[in-house]
Amino acid sequence: MRPLLTALRAAAEITRLRILSVLRDSELTVSELMEILEQSQPRVSRHLKLLCDAGLLQRYPEGAWVFHRLTDSGKTAELISSVLDLIDMQDTDIARDRQKLQKIKNRNAAMAAEYFSKNAAEWDTIRRLAIPESYVEKKLIDCLEIDRPDLFLDLGTGTGRILEIFSPHIKKGIGIDMTREMLMLARSNLDTAGARNCSVRHQDIGNLSLEDNSVDAITIHQVLHYLDRPDVIIREAARVLRADGQLIVVDFLPHDLEFLREKHAHRRLGISPQSILQWAGHCGLSLVRTEHLSAAGPDRDSLSIGLWNLRKQPTPKTMI
């Protein structure tokens, strides 16, 4: 009874109800909540602490910023949903808060679009060398063998596109990336797509703050060729995957386009199938399926893509 009473007491205050309401569709920083609520930083922070201590909110530090999001699992999530369903969305304060929230979303979307436009030329150069992304995305969806995974992880999520396309097929998705500008863009894209079951986190994909055996499915899409030690990422993915969990890796196959290393920070000129098999074998992953996707035509500068579908082998039971 005590956790229930603590949660109910935390929610039973008008400012905290307003906070829960605006966080229903978003994850926001303290400064953004200050802007919406028109209250001071100490006051907003005090309300947030009470909500976090009661288990109604979760905090996600991202450099100097801290994002807040509704707890989305367990009995507490059910309680929050029930409370929010009772709120009159036509209430003057609630309606005003949501208008301010939309202004913040529009502003963040504009900032994300500006960042994208500055970097689009680099991405477009690489895209023109590979097969159409829509084809690769369809292959990715077809590879998902687990029916609506409880927790889906996208490592090196970038613009959040992989979360976006998997959103209808999963219960909850989290994207991990170290680039804050990319996370800003991903949040905007997921918001526009209405992917409410997905969120992103600022974290090192080689050192995840997730428990062992806690994730159902993982994607690593066009990330490994940027890394000095791709095997570390594969090993970390295997650690957090549950037994029989699924890892899908997509990356360029070996090529000789040296300018991608010189101008676009590619650490490796593609990833070989032999490397994938070696890294996977060292951490208990077995290959279920592999595909080599190539662009049609004789263009020697076109890039081929490898897709590897891996499964985590169950730990053998010890006989006594």
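User: Is Ser 26 buried or exposed, and what is its relative accessible area?

Analyst: This is a predicted model, in which local features need pLDDT of at least 70 and side-chain atom pairs count only at pLDDT 80 or more, while totals for chains, interfaces and linings use all residues. Residues are numbered from 1 along each chain as its sequence is written, and side-chain values use heavy atoms, with hydrogens and water left out. Buried means under 20% relative accessible area, exposed over 50%, and partly exposed in between (1.4 Å probe, protein chains only). Ser 26 therefore counts as buried, its relative accessible area being 9%.

User: Where is Ser 26 found, and with which side chain does its own make a polar contact?

Analyst: Helices (H or I, at least four residues) and strands (E, at least two) are DSSP runs, numbered from the N terminus. Ser 26 is found in the loop between helix 2 (14–22) and strand 1 (28–29). A polar contact is a pair of N or O atoms within 3.5 Å; within protein, one must be able to donate a hydrogen and the other to accept it, and residues adjacent in sequence count only if both atoms are side-chain atoms. At 3.3 Å, the partner of the Ser 26 side chain is the side chain of Lys 105.

User: Why is helix 2 described as largely enclosed by the rest of the structure, and which residue caps its N-terminal end?

Analyst: Seven of the nine residues of helix 2 are buried, so the rest of the structure largely encloses it. Thr 15, Arg 16, Arg 18, Ile 19, Leu 20, Ser 21 and Val 22 are the buried ones. The backbone nitrogen of Thr 15 lies 2.8 Å from a side-chain oxygen of the capping residue, Glu 13.

User: How far apart are the end C-alpha atoms of helix 9?

Analyst: Helix 9 covers residues 180–193, and its 14 residues should span 20 Å at 1.5 Å a residue. The expected span is 1.5 Å times one less than the number of residues. The model agrees with this expectation, because the end C-alpha atoms are separated by 20 Å.

User: Over which ring does the charged end of the buried helix 9 residue Arg 187 sit?

Analyst: Arg 187 is one of the buried residues of helix 9, including also Met 182 and Leu 190. A charge sits over a ring if NZ of Lys or CZ of Arg is within 6 Å of the ring centre and within 35 degrees of the ring normal. Another case is Arg 201, whose charged end is 3.3 Å from the centre of the ring of Tyr 60. For Arg 187, the distance to the ring centre is 3.6 Å, and the ring is that of Phe 67.

User: Which residues does Ala 237 touch, neighbours up to four places away in sequence not being counted?

Analyst: Ala 237 is in helix 10 (residues 230–240) and is buried at 0% relative accessibility. Contact means heavy atoms within 4.5 Å. The residues touched by Ala 237 are Leu 155, Ile 218, Ile 220 and Leu 247.

User: Which cysteine is in contact with Ile 234?

Analyst: Ile 234 also belongs to helix 10 and is buried, with a relative accessible area of 2%. Leaving aside neighbours within four places in sequence, its contacts include Leu 224, Val 249, Trp 279 and, as the cysteine, Cys 283.

User: How far is Cys 283 from the nearest cysteine sulfur?

Analyst: A disulfide is a pair of cysteine sulfur atoms within 2.5 Å, and the count by this rule is zero. Cys 283 is in no disulfide; the nearest cysteine sulfur belongs to Cys 143, at a distance of 18 Å.

User: What separation lies between the C-alpha atoms of Leu 257 and Leu 269?

Analyst: Leu 257 lies in the loop between strand 8 (241–252) and helix 11 (259–264), where it is buried at 6% relative accessibility. Leu 257 and Leu 269 are 12 residues apart along the chain, and their C-alpha atoms are separated by 7.1 Å.
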